[in-house]
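Biologist: Could you put the model up and walk me through it? I'd like to begin with the overall contacts and then go wherever the questions lead.
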Amino acid sequence: MEHYNMNLTLKIWRQANSGAKGSFETYQVKDISSEMSFLEMFDVLNEQLIAENKEPIAFDHDCREGICGMCSMYINGQPHGPWKQNTTCQLHMRAFKDGDTIVVEPWRSRAFPVIKDLVVDRTAFDRIIQAGGYISVDTGNAQDANALPVPKKDADNAFLAAACIGCGACVAACKNGSAMLFVGAKVSQLALLPQGKPERETRVLNMVAQMDKEGFGNCTNTYACEAECPKGISVANIARLNLEYIHAGLNSE
Amino acid sequence: MTWKQFFSASVGKKFTVALTGIFLILFLIVHAGVNSAIFVGRDDFNNIAHFMSHNYIVRILEIGLFVGIFLHIIQALIVWRQNAAARPVGYHMSKANKNSTWYSRSMGLLGTLILLFLIMHMSHFFVGTKVALYLEDDAPHDLYEKMREVFSNGYIVIIYLISLVALFWHLMHGFQSAFQTLGLNHKRFTPLIKTIGVGYTIIITLLFASMPLAFYFKWIE
């Protein structure tokens, strides 16, 4: 693909802290390379702001290779921008043309309050994991890995669910701000495997209860989450969560 | 876990919407099927209408129907209100059309249109039939004649057709959505459910649309 440079207008949400009233600020960046990643473009902009003695824009990032789940950003009306199954850090500037205006907003959810600018507090996800997204392992010598037979299909589905990086794009994309795709993936990856069986029932009930407590919305099966998920997590995991919930709810005393 | 906890959780509330939704889907088959008797003949239709309004099993099911509609609406309203609260600050720019269909996001609006229609629909047919039940039985209620009278008004026919468009899109999402909510998402069954859902939706809405049109354009006497 041919390399080119571009000048862009950026409309970015600025908010000093969680209590402050935020607003959009407009910035111009020049000579942005089509080979840059979206976050590198933000680095250029922040260098520019620092040189002008202005406050740089706060945004979440860590590995910058699409696997950690830290980057967020709602870019031009879509979480992680216009590319499918892609994170913001792996979005490259060749997705845009010279002269484009790009609107960048933080994730919008009651359960993800804005900390600063484009950084939101996603510890609600951590608390859902703490409520049941774990397995109990007895002490003693590790047994032989092959002692527990796992059907290939279950191993594959558990692996696909475990690909979730917990970035929160599902919540950001959902018109209801529902976290069902995240919770569905986290319940599925353990429920499908023998190691996850002992807590299978309490897990789903506790994680759903925590999800509700955090203030996420209810799923209405628009499947926007699956379409926007950078890891392509399937809504089949939501159905599995529903089924696990029915099973555990009817079985509990 | 109590029953209350089970059904009041986010997932549980949707079970109610899905189960009552499937019940209403089944009801529409009976409703459309029975009404299709107008194409057979006036007396046949009136006989079936008489049976439906006098049979005790049907009348008990009718109570279930009202409970079903009520639960479907109440639960959906609670879900809708909670969902609106889950995003207090909206997006400046949102390309929702890139990730979901407009009708899957508009179930509340479509449902409200159907509810408004139902109020009018009940005042047209249900109330009259019920009143007739408590009057003398020597002059049987002529529902066929009542339909002809109502559907001689072009404006009412248009309102019925618009409402059927709302029902069409409501079912296009609702049919397959109910199965997903109840935990059925399967490589082989889900495509089948979706195809049956589309077929059901097209047949049911066309069948219902044919009735006011048949009376208005005098396709049947």
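Modeller: Bear in mind that this is a predicted model. In chain B, if we take contacts between residues at least 6 apart in sequence, 79% of them join residues at least 24 apart.

Biologist: And what share is it for chain A, with residues at least 24 apart?
Modeller: For chain A the corresponding figure is 71%, again among contacts between residues at least 6 apart in sequence.

Biologist: How many helices and strands are there in chain B?
Modeller: Chain B has 8 helices and 0 strands, so that, read from the N terminus, its elements run α-α-α-α-α-α-α-α. Its C-alpha atoms fill a box of roughly 60 × 40 × 40 Å along the principal axes, and buried residues account for 26% of its 221 residues.

Biologist: Let's look at the strands, then. What is the order in the open sheet of chain A?
Modeller: The sheet has 5 strands in the order S2-S1-S5-S3-S4 of chain A, with mixed pairing. Its edge strands, each pairing on one side only, are S2 (23-33) and S4 (78-79) of chain A. Helix H1 (residues 38-51) of chain A packs on this sheet, where it touches S1 and S2 of chain A, and its direction makes about 105 degrees with that of S2(A).

Biologist: Do me the pairings of S5(A): which sense does S1 of chain A take with it, parallel or antiparallel?
Modeller: S1 (residues 5-14) of chain A pairs with S5(A) in the parallel sense over 4 bridges. Within that pairing, A:Leu10 has A:Ile102 in S5(A) as its bridge partner, while A:Ile12 has A:Val104. Strand S3 (residues 74-75) of chain A, by contrast, runs antiparallel to S5(A) and is joined to it by 2 bridges, with A:Tyr74 partnered by A:Glu105.

Biologist: What is A:Val183 in contact with, leaving aside neighbours within four places in sequence?
Modeller: Its contacts are A:Ile128, A:Met207, A:Val208, A:Met211 and A:Leu241.

Biologist: Last topic, the contact between the chains: how many residues come from chain A and from chain B?
Modeller: The contact takes 42 residues from chain A and 35 residues from chain B. On the chain A side, the elements giving two or more residues are strand S5 (101-105), helix H6 (200-213), helix H7 (224-228) and helix H8 (236-251).

Biologist: Which of them gives the largest share, and how does that side split by class?
Modeller: The largest share comes from H8(A), with 9 residues. By class, the side of chain A that touches chain B has 20 nonpolar, 15 polar and 7 charged residues.

Note on methods: Residues numbered from 1 in each chain as written. Chains lettered and ligands numbered in written order. Predicted model: local features only at pLDDT ≥ 70, side-chain atom pairs only at ≥ 80, totals over all residues. Buried ≥ 20, exposed ≤ 12 C-beta atoms within 10 Å, placed from the backbone. Contact = placed C-beta atoms within 7 Å. Nonpolar A, V, L, I, M, F, W, Y, C, P; charged D, E, K, R; others polar. Pairing = 2+ DSSP bridges. Axes fitted to C-alpha atoms, helices over the stretch in contact; angles between N-to-C directions.
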